[in-house]
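Please read each point with the coordinates open.

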Amino acid sequence: MQYTSNYKSKIGDILLASDGERLTGLWFIGQKYFADTLEEKHIEKDLPIFKQVRQWLDIYFSGEAPDFMPPISFDGISSFRKRVWEIMLEIPFGETSTYGKIAKQIEIETGKKVSAQAVGGAVGHNSISIIIPCHRVLGSNRSLTGYAGGINKKIELLKNEGNDCFKLQISKEK
């Protein structure tokens, strides 16, 4: 059984999902791939895991790096996607990486060629956004490519972390 709860952030409403013990989903309402891993039958219920996630989000949206990680679930995803998500978890608060850099890291680990596009697919289908920080992954030229929640939310999340890489992108568009 899956459970849901809501969170109101300063940049939009968020739906949380859990298996009762671990976080299984965190999506901005209406984002691309919204609730794509949420079972059709689920119950809205306030659980300890949701209280922990809301505490994490409160700290995060105050502009601080949370000093704990709520338990999250990698159940039901491929080993490749899981590895990409684990690498995203290693990107420090306020810093960024690129799709190509993540692909290269996996290539080194596995000895198999990995494309930045394949990494992009795994990043784009991240069902636990913000906590698994897909917003910290940029294009090869440090451009603000893709974000399931929308580029404006990606910019706001990076600004929240004190990262001003978005200024470069905005100046290029002018």
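**Notes on the predicted model**

1. Phe93 is partly exposed, with a relative accessible area of 25%, where buried means under 20% relative accessible area, exposed over 50%, and partly exposed in between, computed with a 1.4 Å probe on protein chains only. The model is a predicted one, in which local features need pLDDT of at least 70 and side-chain atom pairs count only at pLDDT 80 or more, while totals for chains, interfaces and linings use all residues. Residues are numbered from 1 along each chain as its sequence is written, and side-chain values use heavy atoms, with hydrogens and water left out.

2. Five aromatic pairs are found in a search of the whole structure; rings of Phe, Tyr and Trp (for Trp, the six-membered ring) pair if their centres lie within 6.5 Å, and planes under 30 degrees apart count as stacked, over 60 as edge-to-face and the rest as tilted. One of the pairs joins Tyr60 and Phe93 edge-to-face, with 5.9 Å from centre to centre and 80 degrees between the planes. Tyr60 lies in helix H1 (residues 48-61) and Phe93 in the loop between helix H2 (79-89) and strand S5 (97-98), so this pair ties together parts that are 33 residues apart in sequence. Helices (H or I, at least four residues) and strands (E, at least two) are DSSP runs, numbered from the N terminus. Tyr60 is buried, its relative accessible area being 0%.

3. The rings of Phe74 and Trp85 have centres 6.3 Å apart and planes at 45 degrees, so this pair is tilted. It links distant parts of the chain, since Phe74 is in the loop between H1 and H2 and Trp85 is in helix H2, eleven residues apart. Both Phe74 and Trp85 are buried.

4. Which residues form one aromatic cluster? The cluster consists of Tyr7, Trp56, Tyr60, Phe61 and Phe93. A ring is also involved in a contact with a charge, as the charged end of Lys153 sits over the ring of Phe28 at 5.2 Å from its centre; the criterion is that NZ of Lys or CZ of Arg is within 6 Å of the ring centre and within 35 degrees of the ring normal.

5. Strand S1 (residues 2-9) has six of its eight residues buried, so it is largely enclosed by the rest of the structure. Strands S1 and S2 (residues 12-18) run antiparallel and are joined by seven bridges, where two strands pair if DSSP finds at least two bridges between them. Ser5 has Leu16 in S2 as its bridge partner, and S1 and S2 form a hairpin with two residues between them. S1 is also joined to strand S4 (residues 42-44), in the parallel sense, by three bridges, with Glu44 in S4 as the bridge partner of Thr4.

6. Strand S3 (residues 23-28) is mostly covered, with six of its six residues buried. Five bridges pair S2 and S3 in the antiparallel sense, and Gly25 in S3 is the bridge partner of Ala17. The hairpin of S2 and S3 has four residues between the strands, and Gly20 in the turn has a positive phi of about 105 degrees.

7. Leu38 lies in the loop between S3 and S4 and counts as buried at 16% relative accessibility. The C-alpha atoms of Leu38 and Met1 are separated by 9.9 Å, although these residues are 37 residues apart along the chain.

8. The largest pocket holds about 230 Å³ of space. A pocket is an open set of points on a 1 Å grid over the protein atoms alone, where a 1.4 Å probe fits, with protein on both sides within 12 Å along at least five of seven lines, and lining residues have an atom within 4 Å of a point. Of its 18 lining residues, Gly120, Gly124, Gly146, Tyr147 and Ala148 are the closest to the centre. Helix H4 (residues 116-124) gives the largest share of this lining, four residues. Gly124 is found in helix H4 and is partly exposed, with a relative accessible area of 26%.

9. The second largest pocket has about 160 Å³ of space, and of its 14 lining residues the closest to the centre are Trp56, Pro66, Met69, Ile131 and Arg136.

Methods:
Grid points are joined across faces, edges and corners, and a volume is the space filled by probe spheres set on the points.
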